[in-house]
Amino acid sequence: MSDTRALTNLALQAVRAAEAAAVAASDWIGRGEKESADQAAVDALRNGLNAMPMKGRIVIGEGERDEAPMLYIGEEVGTGEGPEIDIALDPLEGTSLTAKGQANALAVVSFALRGGLLHAPDTYMDKIAVGPGLPSGVIDLDASAAENVKNLAKAKGVAPSDITVCVLERERHQHIIDGVKSVGGRVRLIPDGDVAGAMGAAGLGVGVDMYIGQGGAPEGVLAASALRCIGGQMQARLFFRNDDERARAARVGVTDLDRKYDVSELAASHCLFVATGVTDGDLVDGVRTSGGQVHTHTLLLDSADHSVRRIRSARPLG
């Protein structure tokens, strides 16, 4: 069996693991306790991963070993039999969203063949992303937001006023917001959850054309794996605030601190991407309970055939 086939064969177990994390986190929706929600998701996802027939290694996780007791970077998961897999994950992308009962909280996990995902440090990353079917190089991280809007509009054969850009609502992004509006573009602000934000620009039917902004580097790798699955484009560059963050990069093997990565460098090989809704969102519905059953909604992407699958599951409570 080829490595690609072996990875694709893990898809159903991957979905089950993400569903378990989402269901566990959903018990904490609206309770104002984001740490408890995150821990519940971590525990459930770890159990799910350890049941999978693979030699798994966490490359994007909850932090370094001394900071995270479980799902830390370098932790080995799985049964120890099967393909060698690198795993990037965010058991609860949107801890604050969950605590506040807001939209777009997800349980997210990506699987790639060994060596297929960038070992990104837990620092910031500047990012820009668009969906599939566009000319290569239509976006440029080093161009202004206004230039990127105009170039994307030209590639799509529309006016800049028809372009909507998703931006994480932070003071540091005001120049991006101003740039988009200066050429007539629209801005869609999100409070948290930039994995979902970047994915929203990937042509998944949420009315966003592009994502621009600075967010977590681990989330950038997760978003890149999703974009690789469906043929989107992304550019990113690590951003360091201090020497400690530069040291984090060195510990995971990053030597060129100024490198501009594209999607094929962030996610370099065949990968699966799984996202299960915790709260209702643009991409998937949140966890629901009714009639003694718990219902989940999951997005499954596979780079082998660029497929997009939406999976609804129901199982008895308890």
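Predicted model: local features only at pLDDT ≥ 70, side-chain atom pairs only at ≥ 80, totals over all residues.
**Note on the sheet and its salt bridges**

1. Ala 129 stands opposite Met 234 in strand β9. Strand β5 covers residues 124-130 and β9 covers residues 233-239; the two run antiparallel and are joined by seven bridges.

2. These strands belong to an open sheet of six, ordered β7-β6-β8-β5-β9-β10, with mixed pairing. At its edges stand β7 (186-190) and β10 (261-262); each has a single partner strand, so one side of each is left without a neighbour in the sheet. In general, strands of a sheet pair through backbone hydrogen bonds, in either a parallel or an antiparallel manner.

3. Helix α6, residues 174-182, packs on the sheet, where it touches β6 (164-168), β7 and β8 (210-216). The direction of α6 makes about 155° with that of β7.

4. How many salt bridges does the structure hold? There are 18. One of them is formed by the side chains of Asp 140 and Lys 260, at 3.0 Å from N to O. This pair links distant parts of the chain, 120 residues apart: Asp 140 lies in the loop between β5 and α5 (145-156), and Lys 260 in the loop between α9 (243-251) and β10.

5. Are Asp 140 and Lys 260 buried, exposed or partly exposed? Asp 140 has a relative accessibility of 29% and so counts as partly exposed. Lys 260, at 30%, also counts as partly exposed. The class in question lies between the cut-offs of under 20% for buried and over 50% for exposed.

6. Asp 142 forms a salt bridge with Arg 237, and the closest N and O atoms are 3.1 Å apart. Here too the pair links distant parts of the chain: Asp 142 is in the loop between β5 and α5, Arg 237 is in strand β9, and 95 residues separate them.

7. Arg 241 counts as exposed because its relative accessibility is 53%, over the 50% cut-off. Glu 245 has a relative accessible area of 4% and is therefore buried.

Key: Residues numbered from 1 in each chain as written. Heavy atoms only, no water. Pairing = 2+ DSSP bridges. Helix = DSSP H or I, 4+ residues; strand = E, 2+ residues; numbered from the N terminus. Contact = heavy atoms within 4.5 Å. Axes fitted to C-alpha atoms, helices over the stretch in contact; angles between N-to-C directions. Salt bridge = Lys/Arg side-chain N within 4 Å of Asp/Glu carboxyl O. Buried < 20%, exposed > 50% of the residue type's maximum accessible area, 1.4 Å probe, protein only.
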